[in-house]
Amino acid sequence: MSTLPAQMTVVGISRPGGPEVLVLEQRAVPTPNRDEILIKVAAAGINRGDIVQRHGNYPPPAGASDILGLEVAGAVVATGKDATRFKIGDKVMSLVTGGGYAQYCAAHEAHTFLIPRGIDMVAAASIPEIFMTVWHNVFQRGALQPGETLLIHGGSSGIGITAIQIAKAFGATVIVTAGSKEKCDACIGLGADRAINYKTEDFVAAVRAFTDGVGADAILDMVGGDHVEKNFDAAAVEGRIIQIGFMATSQAKVDFRKLMMKRLHYTGSTLRARSVADKAMLARTVEAKVLPLLRDGRFKTVVDRTFPLKRVAEAHRRMEAGQHIGKIVLTI
């Protein structure tokens, strides 16, 4: 640690509000705990949770950094007393509970992955949160099986483009919704079997037509609001609906008789607040089952745009405008 600077530049939040509340600050470089590593951050992924936290509605878990940023890529520059998975100089990407919008970030070694050969830092920073979120929700909670149909709302988002490719790699049929022809075309280009422009089509009718009236076996939803009841209509009998966000609203008026009549399973989750052990188990599963797709070139990372740390407010504005296709990444 003696060769590291004492201070670093980070993105702070001056008060809850819009992108203008994001300010550059000087903070002490963190010291990794006994089972953590310290990463010199080259790039940090931007996620919807960062936007919600900036508004004051997604406080970090107890003991986590209040600095935004849930995934980073960079080089290991220090290790805790009991951290043995990585050595100084290793190029890694990691899921973190906060602290990513900074020059240095402490990460639990069990939530960290070596960056596969051929993947640059920007692409790597777009991977940990979406790979873990998709695997846990689509395959563990949603129990998607080969031959089944998955409906993904927000198909051109970071989560969406990841779910498309992983679901296709594991033998599923994929339907997505997106808000423009450009986004729909991008989803088809990544392997989606059907892309529905929700601004011009009724997605329930489109899903039922595409599946010959059966409906989707699993639905991944980050919208909420009136999508909740529409998902009940679009789902197949014994379908699984997985809620991972509320871009519209977390409140909805729903006729729950549909849930009963179709014997639906409705579940939801967040990743950030899960225990260290839970996330460690998930990371090892992703490492074994999903990272090979990246190593073998069967998964295409999609980075919409990069912004330097000093332009973080612009990056947040782009995400909130909903114009992006794929991930938005900060370069440090």
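Student: Is C187 buried or exposed?
Tutor: C187 counts as buried, because its relative accessibility is 0%. Buried means under 20% relative accessible area, exposed over 50%, and partly exposed in between, with a 1.4 Å probe and protein chains only. This is a predicted model, where local features need pLDDT of at least 70 and side-chain atom pairs count only at pLDDT 80 or more, while totals for chains, interfaces and linings use all residues. Residues are numbered from 1 along each chain as its sequence is written, and side-chain values use heavy atoms, with hydrogens and water left out.

Student: How many disulfides does the structure hold?
Tutor: The structure holds 0 disulfides, a disulfide being a pair of cysteine sulfur atoms within 2.5 Å.

Student: New topic. How many aromatic pairs are there?
Tutor: A search of the whole structure finds 6. Rings of Phe, Tyr and Trp (its six-membered ring) pair if their centres lie within 6.5 Å; planes under 30 degrees apart count as stacked, over 60 as edge-to-face and the rest as tilted.

Student: Why is the pair of W135 and F139 called stacked?
Tutor: The ring centres of W135 and F139 are 4.4 Å apart and the planes are at 15°, so the pair is stacked. W135 and F139 are 4 residues apart in helix 3 (residues 128-141), so about one helical turn separates them. Helices (H or I, at least four residues) and strands (E, at least two) are DSSP runs, numbered from the N terminus.

Student: Which residues form a cluster through ring pairs?
Tutor: W135, F139 and F170 are linked that way. Both W135 and F139 are buried.

Student: Now S269. Where is that?
Tutor: S269 is in the loop between strand 13 (265-268) and helix 9 (276-289). S269 is buried, at 16% relative accessible area.

Student: What does its side chain make a polar contact with?
Tutor: The side chain of S269 makes one with the side chain of N137, at 2.6 Å. A polar contact is a pair of N or O atoms within 3.5 Å; within protein, one must be able to donate a hydrogen and the other to accept it, and residues adjacent in sequence count only if both atoms are side-chain atoms.

Student: And where is V276 found?
Tutor: V276 is in helix 9, and is partly exposed at 44% relative accessible area.
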